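Please keep the sequence and the model at hand while reading.

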Amino acid sequence: MAISAAAVCLQNIRAILPPGAGLSTILFPNPSSTAELMLHYTVLPRIVMALMAGGALGLSGALLQRILKNPLAEPATLGVSAGAYLTLAIAGVFAPSILLVAQTWIAIAGAALALLAVLGLSWRGGLSPETVTLSGLIVSLYCGAASAVLTLFNHELLLGLFIWGAGYLDQQDWTGVLFLAPRVGCLAIAVALILRPLTILSLDDRSARSLGLPTTTFRVIALVLATALTGLVTAQVGIISFIGLAAPAIAGGLGMRRTGKGIVWASLIGALLLLLTDQIVLAFPVTYRLFPVGTITGLLAAPLLIVMIRRLRPTTVPEQRARPRLAQMRRPALLLVTLIVVSAPLFWFAVAFGRGLGGWELSSGDALMSLSTWRLPRAACAFTGGAMLALAGAILQRMTSNPLASPEILGVSSGAMVGTILFIMTVALPTRWGQIGAGAAGALIVLVAMLILSRRPAYGGSRLLLLGVSLSSISSFIIALLMTSQDPRLGQVLSWLSGSTYAVTLSDAISSTTVLFLGCLTIPLIARWLELLSLGEAAASSLGTPLIGSRSILFSIAAVMTATATTLVGPLSFSGLMGPHLARLVGFRRVASHLFSSALMGGLILLIADWAGRNLIFPYQIPAGLLATLIGGPFLLFLIGRRT
């Protein structure tokens, strides 16, 4: 690895170096030579920065993995990097003057808050690897959604921050290197001073305490050091994932099992990994600005996560007190009719009531007819989009017997998003039905992959959720590339990604209503399959359920529902998760009534979110998908904490 990194560095340097000039001119450039000045003040600092940042991330990942005893722990998977970036974005919007003088401390504070949230959510579950990693990935997704809200309303102000946050190592002088070097050095020395306690902490807590070690104190110290390292790197070069995950794994694969050697080698490998990746990006035939190094490392993280998730060892979780079962409703049909009756006036209210130039007003007559030409399609698409996502989520939860399964969490929405974006960016005149078809193809590919993996014993329960969230890193890579490409179609894609219903038309509303109606017609046909599949494959098969055929049809229905909804309201919405849970909390337990009520709940959630986003900060608007995500994110985190 060291030889490869050195070879690529020399190749990139010689491509810029003037003919006849030696490598010594890099350290002592000729002031009249632009190439030599560029090598000295941009290329060489970039190489040093890559080594320091990669080494710091490798060290941080090694600390987190050893303290949490979790091979998937690293700054990106635990949401630490995303938390640091979110606080920097908040400061950039509301207090830019503070950002100029306290950028590092702001990043460290955000990283610490994200880590505390993850640990708080997974504490009741004994900090098991699956729970910690799942909580971290969800915190990361939520921080990303919050950052997207800030970027949407402050696009010009935060464009530079967004591009930088994708992970850029660009350097204009030695200022960044001189700032980072002493601080990383001090933190590395602090880690060296606690190597012996870290070695003892690798034992179980009872053995460590018997040796007189205050385990909690040294865990906190190690977590603080890991958070500080991550915050420093994020403040300087943005979010760089994969390095903190891969470096300790490679060091362990090389046989460096002892704490001291493992941490040192993880730092060295992290430095070389980031340097090699960055120099390979610089050697691409296209301009490197199209490929931020942070997004490249994030793309590489997905396959590594998939491999490592399979190797997770099951952990013993402390026994929980039994929670009372929710009572089953005696007359679900009556409440379903009540919900439908209530939905009608709510829909009318969302169209007729709102803020205008004269303030709040309830429109009627000709004024209502005039407003309906643009409010009615938006309300219809918001309701049907939320209903389709909730219906897909209820199907997936019933199939996988996992209450956290939903199109957003299993990566189905990401697959639909990738398919739709590729269609929009490659077709001259993309049609709505073409987008739905491309999105359905992407969602179905993800669902088939999840179906294949779910049949293996190593991929079940929370691990299947981890796989789905890991696949979302690919969509994050595509979004980052779009943001940095400056394509003229970027505005349309960004608006759609945020979950906006701005551009929907009456034909879109008719199409979505048709798809939702057809999906609801299938509920009586698939209810028995879902009822039997929840008993397990063996029981379902013995009762005459065609496993392959039923799963294929159910996954296809979920894919079409997800793709249609994603095309209408974008991928950012947690209604696919919230709708089924709200329906279950109300008391709908039987399959058919649960699916119907889930669709109603999901539709009402996004309808209310669209109405609120249109009126809360009038004349400005918050996309319905983003608003639902900001509300649904804490709900999802609450479910994770309750489940562990």
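A residue is called buried under 20% relative accessible area, exposed over 50%, and partly exposed in between, with a 1.4 Å probe and protein chains only. The model is predicted, so local features need pLDDT of at least 70 and side-chain atom pairs count only at pLDDT 80 or more, while totals for chains, interfaces and linings use all residues. Residues are numbered from 1 along each chain as its sequence is written, and side-chain values use heavy atoms, with hydrogens and water left out.

| Residue | Relative accessibility | Class |
|---|---|---|
| C186 | 53% | exposed |
| C381 | 0% | buried |
| V264 | 46% | partly exposed |

With a disulfide taken as a pair of cysteine sulfur atoms within 2.5 Å, the count comes to zero disulfides.

Helices (H or I, at least four residues) and strands (E, at least two) are DSSP runs, numbered from the N terminus, and two strands pair if DSSP finds at least two bridges between them. Strand β1 (residues 353–356) runs antiparallel to strand β2 (residues 359–362), and four bridges join them. F353 has L362 in β2 as its bridge partner, and a hairpin of two residues leads from β1 to β2.

On the surface, a nonpolar patch is formed by I250, L254, V264, W265 and L268, which together have about 440 Å² of accessible area.

Methods: Patches are made of residues with over 30% relative accessible area and no salt bridge: like charges are joined within 9 Å, nonpolar side chains (Val, Leu, Ile, Met, Phe, Trp, Tyr) within 5 Å. Accessible areas come from the Shrake-Rupley method with a 1.4 Å probe; for residues, only the protein chains shown count as cover. A salt bridge is a side-chain nitrogen of Lys or Arg within 4 Å of a carboxyl oxygen of Asp or Glu.
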